[in-house]
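Student: I've got a structure open and I'd like to learn how to read it feature by feature. Can you walk me through it?

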Amino acid sequence: MTVSAFWALVLAVLAGVAAQLSPIDATAPTLENGFSPPIAPAPSLQNSFSPPIAPAPSLQNSFSPPIEPSRVIGISRLPLVQRPRLGQSTNNIPVTSERQFSYSIRLTFGTQAFDLCFDTGSSDVWVVSSSCSDPDCEAVPQYDASLLQFANLNGKFNLNYLMGFAEGGIASTNIQMGPFMVESQVFALVDKTSQLDLASTGTSGIAGFAFPATAAISPTIGATFFQNLISALEADNQFMAFHLSRSDSGSSDPNASLTLGILDPAFASDPSALAYSAVIRTGPEYDYWKLPMLGMIVNGSPFQISSSRIPGATMPIAVLDSGTTLILGSAADVRALYALFGSAVRYLNGNYLVRCTFAAVISLVLGDKRVPYPIHPSDIAWQESESDGWCTGGIQPNDNVCNGDWLLGDVFLRNVYVVQNASGPTIGLRSVTDPVSALAQFRAERGPDVEGSDDDGVLAGMDGNNNNWNMATGFVKRWEREPAGVDTYVFGLIAGGAGFVVGSLGVLGWRIWRGV
């Protein structure tokens with residue numbers, strides 16, 4: 001071979017290599033289901049961080065397929081570090097019952113771990129900062145900002161509540177949940193609060209798992225934690241599954257379950273037992289985990305509910321929200337429901353109370369397949385809030401839920417195994433409450449139903465001063481029994497647009513739904 005031929009060959013090889021190294025087209029595919037993975041690269045993680053060098057794409061209606069590793073340079077907000085590898089026997093994440101008022105999970109921010117409210121009715125993650133000197137913040141563990149394990153990003157976080165507020169800055173750091181970690185995840189670092197009284201549950205913030213459209217943190221700053229988790233899973237495994245336990249011990253319960261990308265065999269040994277429904281979208285984007293609610297079955301008989309109030313909806317809509325304690329629905333429907341139980345129900349200052357020994361047998365008919373899901377009688381006569389033999393009714397009226405007709409909180413979710421699937425998206429449900437054994441358990445715990453004497457309708461321990469459901473405003477609240485067992489107080493529900501709950505003895509707090 002001549003010298004000129006040799007160099008011609010070398011140049012040809014170099015040209016081929018250059019073609020292989022040309023920039024990758026990182027355009028995201030069309031979005032369909034409420035989530036899209038962020039594709040903008042970010043710098044590698046050091047002791048301090050700079051913000052991502054390009055904004056995430058605007059969030060439309062989809063999770064697109066997981067981004068190939070070669071398209072995420074420097075492992076930015078998306079990369080998921082998973083231990084153990086998905087597909088092993090379980091990746092169960094501990095869930096703690098806060099006396100059945102709310103449920104919490106532990107997230108680790110860098111090296112600092114906090115219990116946050118597990119909330120399928122919101123999308124942001126926020127935690128209180130050590131720079132917050134308000135009583136709300138000082139009552140719970142705080143993120144130590146002096147450790148410099150986070151990056152300050154441009155933008156402010158601000159949620160206003162009817163009573164109180166939370167505000168602060170936006171940051172990013174590694175966030176781990178069980179065996180999963182997202183690097184450079186954006187979150188809110190709250191440095192000012194008012195009247196939230198976080199001490200009642202001991203939670204330091206919230207962890208939201210709804211669709212990105214409900215997030216208070218702009219998508220141009222960063223994708224949500226749940227969006228990043230789901231987007232990094234294999235296309236066939238982009239789902240979260242959970243069951244909330246009946247425990248009120250305040251510690252992690254082995255009967256609870258929370259997994260990503262894999263079903264818990266304790267609740268879904270036969271996956272075909274799950275009934276799937278398409279998530280309902282009532283606007284331009286998916287926002288909350290919504291499915292059809294077709295009615296109820298009460299003591300074996302069908303119970304018809306009102307038509308949907310949502311524009312364009314062809315059937316009543318229910319929202320699954322682990323950040324709400326009770327079931328909330330149409331005031332007219334709730335009134336008609338409790339009228340069936342006669343003297344076993346009382347109505348006081350806007351609240352429905354159920355005799356604690358009365359066993360109401362109620363099922364909700366949900367989903368595309370119209371499946372009835374029984375509710376344990378102890379969730380209807382909710383003894384966690386009890387006074388003189390009268391319990392808070394697990395179903396209460398609320399006509400101000402804007403994006404749904406019914407809000408299905410923890411008293412319902414304890415009775416099902418839930419799969420929230422980003423593919424579609426869809427919701428899978430499986431009943432875990434057998435009505436016959438539930439009734440037997442209720443009788444064993446509560447004894448026979450004994451009708452109490454009539455009185456003037458004013459119950460001991462309830463003074464009527466704001467400790468009630470205000471049907472005119474229809475805001476959500478929670479209840480808590482004072483440790484001495486004498487007085488009943490409001491357990492406040494607060495988040496503007498979030499399904500987040502904090503509570504306090506003697507403190508009234510209302511939650512305002514920003515989008516629901």
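Predicted model: local features only at pLDDT ≥ 70, side-chain atom pairs only at ≥ 80, totals over all residues.

Student: Where does Asp-119 sit, and is Asp-119 buried or exposed?

Tutor: Helices (H or I, at least four residues) and strands (E, at least two) are DSSP runs, numbered from the N terminus. Asp-119 belongs to strand 4, residues 112-119. For accessibility, buried means under 20% relative accessible area, exposed over 50%, and partly exposed in between, using a 1.4 Å probe and protein chains only. Asp-119 is buried, at 0%.

Student: How do I read a sheet? What is the strand order in the open sheet of five strands?

Tutor: Strands of a sheet pair through backbone hydrogen bonds, either parallel or antiparallel. Two strands count as paired if DSSP finds at least two bridges between them. In this open sheet the order is 11-10-25-26-12, with antiparallel pairing. Strand 11 (257-260) and strand 12 (275-278) are at the edges with a single partner strand each, so one side of each lacks a neighbour in the sheet. Strand 10 (residues 239-243) pairs with strand 11 over four bridges, and Phe-242 has Leu-258 in strand 11 as its bridge partner.

Student: What about the loops? Which peptide bond is cis, with omega near -10 degrees?

Tutor: That's the one from Gly-424 to Pro-425. Pro-425 lies in the loop between strand 25 (416-421) and strand 26 (426-431).

Student: And positive phi: what is the value at Asn-349, and what is it at Arg-370?

Tutor: Asn-349 has a phi of about 50 degrees although it is not a glycine; Arg-370, also not a glycine, has about 55 degrees. Asn-349 is in the loop between strand 17 (345-348) and strand 18 (351-355), and is partly exposed at 38%. Arg-370 is in the loop between strand 19 (362-366) and strand 20 (371-375), and counts as exposed at 56%.

Notes:
Residues numbered from 1 in each chain as written. Heavy atoms only, no water.
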